[in-house]
Amino acid sequence: MHVAVVGGGIIGCLTACYLKQLDIDVTVVERGETGRESSWAGAGILCPIHPWLYPDAFTHLIDASLGMYPGFQADIEAKTGISIEWVRSGLLIPFFDDDKTDHWQAAIEWSNRFGWQVEELDTKQTLEREPALSPRLHRSLLWPEVGQLRNPRLLAAVRAWMGQLGVATVEHAEVIGLLKQGDAAAGVVCADGRNIESDQVLLAGGSWSGELARQMGFELPVEPVKGQIVLLKGEPGVMHAIVKHDDAYFVPRVDGRILVGASMEHVGFKPGTTDEVIGRLMASMARIAPGLKGLEIEEKWMGFRPGSPDGMPLLGPVTSIPGLWVASGHYRNGVALAPITAKLMSRWMADSEPEMDLSTFAVDRPVNNSPSVGFPNVAL
Ligand SMILES: Cc1cc2nc3c(=O)[nH]c(=O)nc-3n(C[C@H](O)[C@H](O)[C@H](O)COP(=O)(O)OP(=O)(O)OC[C@H]3O[C@@H](n4cnc5c(N)ncnc54)[C@H](O)[C@@H]3O)c2cc1C
């Protein structure tokens with residue numbers, strides 16, 4: 001069997017590796033270079049932003065994926081010699097009197113229900129742990145087991161693993177449609193006239209999957225949600241845990257750098273960072289974590305999250321086109337969900353039923369825009 005994977009982000013590349021491990025020939029077809037778009041740009045937080053806002057099936061999928069991370073990390077680092085800087089830095093949510101939403105009760109209930117260890121801290125305990133935070137906070141919740149990784153390193157490791165496994169990669173080849181045999185998918189057509197024949201096709205085109213689906217003859221509700229990020233030059237120890245607030249999050253890296261993110265902009269494919277949005281992130285930082293003020297901005301960048309109206313990925317076969325599969329719409333959680341996506345999709349495509357009920361994520365499910373985890377109503 002030969003599978004053509006459209007899109008060389010973390011979802012396409014890792015699924016290709018898992019397919020190859022099942023002795024299936026794979027070709028990843030990528031418009032630019034593999035591992036450069038959303039998967040490179042993301043913050044690498046291994047926990048959904050406010051997981052209690054999603055249906056239970058989503059937590060089951062997240063739990064399954066995060067449960068794979070320790071083994072996955074050890075394995076890929078041993079194979080490639082590249083550290084993905086996976087660390088359990090913990091995640092802390094500070095609570096302020098003027099918060100727009102009070103997540104306290106929902107967060108504790110969700111954590112207890114799904115067995116996520118959580119600690120309640122008062123102001124003093126919080127500031128002892130995280131002195132960069134504002135003393136205006138009146139309490140916080142800490143999930144000490146939550147981890148993070150460094151996206152460019154993850155992608156470098158996955159690319160190296162693809163090379164070792166012998167996954168074929170065709171870069172600078174834009175897919176513009178499907179090759180068909182009758183109604184069934186039989187490969188992909190590229191803009192430069194190349195045809196890549198295959199028995200099955202996996203659409204993993206990130207934010208571009210909605211457009212690609214239309215070119216392939218079906219509808220997929222995936223749209224870009226732009227996120228801008230700032231990288232600060234910090235010293236190790238300035239901040240310890242990932243700090244998450246509705247207005248901004250802060251991700252302290254192993255080397256002391258701190259990532260401040262991220263805007264949520266439903267503005268189509270509008271490239272580039274803007275002073276206005278970066279200014280807002282910096283203003284939120286000054287309010288939530290004034291101890292970070294004065295740190296030099298080292299870099300700014302942006303990426304397009306593959307958004308879906310209900311905040312959840314679309315996984316599985318396209319029923320109207322035999323041989324065509326989708327793994328896309330991972331929105332804010334594509335790195336957290338990458339291992340389980342790769343495992344389930346590869347086995348499913350190799351002809352075994354998925355070991356989890358994936359009906360919540362079906363490609364043709366009815367999707368309504370969720371006001372809390374779907375597309376943002378306002379631009380920022
Ligand atoms: C600012 C920001 C912060 C984030 N933070 C987190 C986080 O903390 N934790 C987390 O889990 N997730 C996070 N994410 C989300 C995560 O990065 C994405 O969900 C994930 O990277 C999606 O992976 P992908 O492979 O589907 O998409 P991508 O990485 O975008 O890959 C899709 C690929 O398809 C290619 N492609 C598109 N069209 C074509 C075509 N016609 N032909 C061939 N190739 C094509 C593209 O060039 C691209 O390489 C964040 C994202 C952003 C932008």
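What radius of gyration would a compact globule of 380 residues have, and what value does the protein have? A compact globule with 380 residues would have a radius of gyration near 21 Å, and the protein has 21 Å, which agrees. The model is predicted. The protein contains nine helices and 19 strands, and its domain assignment gives two domains, domain 1 and domain 2.

**Overall dimensions and packing**

- The C-alpha trace of the protein spans about 65 × 40 × 40 Å along its principal axes.
- Of the 380 residues, 48% count as buried.
- Among contacts in the protein with a separation of 6 or more, 75% come from residues 24 or more positions apart.

**Domains**

- According to the domain assignment, domain 1 is made of 2-80 + 151-222 + 309-361, and domain 2 is made of 91-145 + 224-307.
- A distance of 28 Å separates the C-alpha centres of domain 1 and domain 2.
- Domain 1 gives 23 residues to the contact, and domain 2 gives 22 residues.
- On the side of domain 1 that touches domain 2, the elements giving two or more residues are helix H2 (38-41) and helix H3 (56-80).
- By class, that side of domain 1 has nine nonpolar, eleven polar and three charged residues.

**The sheet of six strands**

- An open sheet is formed by six strands in the order S8-S2-S1-S12-S19-S18, and the pairing is mixed.
- Strand S8 (168-170) and strand S18 (314-317) are the edge strands, and each of them pairs on one side only.
- Neighbouring strands of this sheet are turned against each other by 20° on average, direction ignored.
- Strand S1 is joined to strand S2 (residues 25-29) by five bridges, and the two run parallel.
- In this pairing, Val 6 stands opposite Val 29 in S2.
- Helix H1 (residues 10-21) packs on the sheet and touches S1, S2, S12 and S19.
- The direction of helix H1 makes about 170° with that of S2.

**Strand S12 and its partners**

- Strand S1 (residues 2-6) is also joined to S12, by four bridges, and these strands run parallel.
- The bridge partner of Val 5 in S12 is Leu 202.
- S12 pairs with strand S19 (residues 324-328) in the parallel sense over three bridges.

**Strand S1 and His 2**

- How many of the five residues of S1 are buried? Four of them are, so S1 is largely enclosed by the rest of the structure.
- His 2 lies in strand S1.
- His 2 has 15 C-beta neighbours inside 10 Å and therefore counts as partly exposed.
- Leaving aside neighbours within four places in sequence, His 2 is in contact with Asp 25, Ser 198 and Asp 199.
- His 2 and Leu 19 are 17 residues apart along the chain, and their C-alpha atoms are separated by 9.6 Å.

**The sheet of three strands**

- Three strands form another open sheet, in the order S9-S10-S11, with antiparallel pairing.
- Why is one side of strand S9 (175-181) and of strand S11 (195-197) left without a neighbour in the sheet? Both stand at the edges, each with a single partner strand, so one side of each has no neighbour there.
- The twist in this sheet averages 30° from one strand to the next.
- Strand S10 (residues 184-190) is joined to S11 by three bridges, and the two run antiparallel.
- Val 188 stands opposite Ile 196 in S11.

Methods:
Residues numbered from 1 in each chain as written. Predicted model: local features only at pLDDT ≥ 70, side-chain atom pairs only at ≥ 80, totals over all residues. Domains from an automatic or database assignment. Contact = placed C-beta atoms within 7 Å. Nonpolar A, V, L, I, M, F, W, Y, C, P; charged D, E, K, R; others polar. Rg over C-alpha atoms; globule rule 2.2 N^0.38 Å. Buried ≥ 20, exposed ≤ 12 C-beta atoms within 10 Å, placed from the backbone. Pairing = 2+ DSSP bridges. Axes fitted to C-alpha atoms, helices over the stretch in contact; angles between N-to-C directions.
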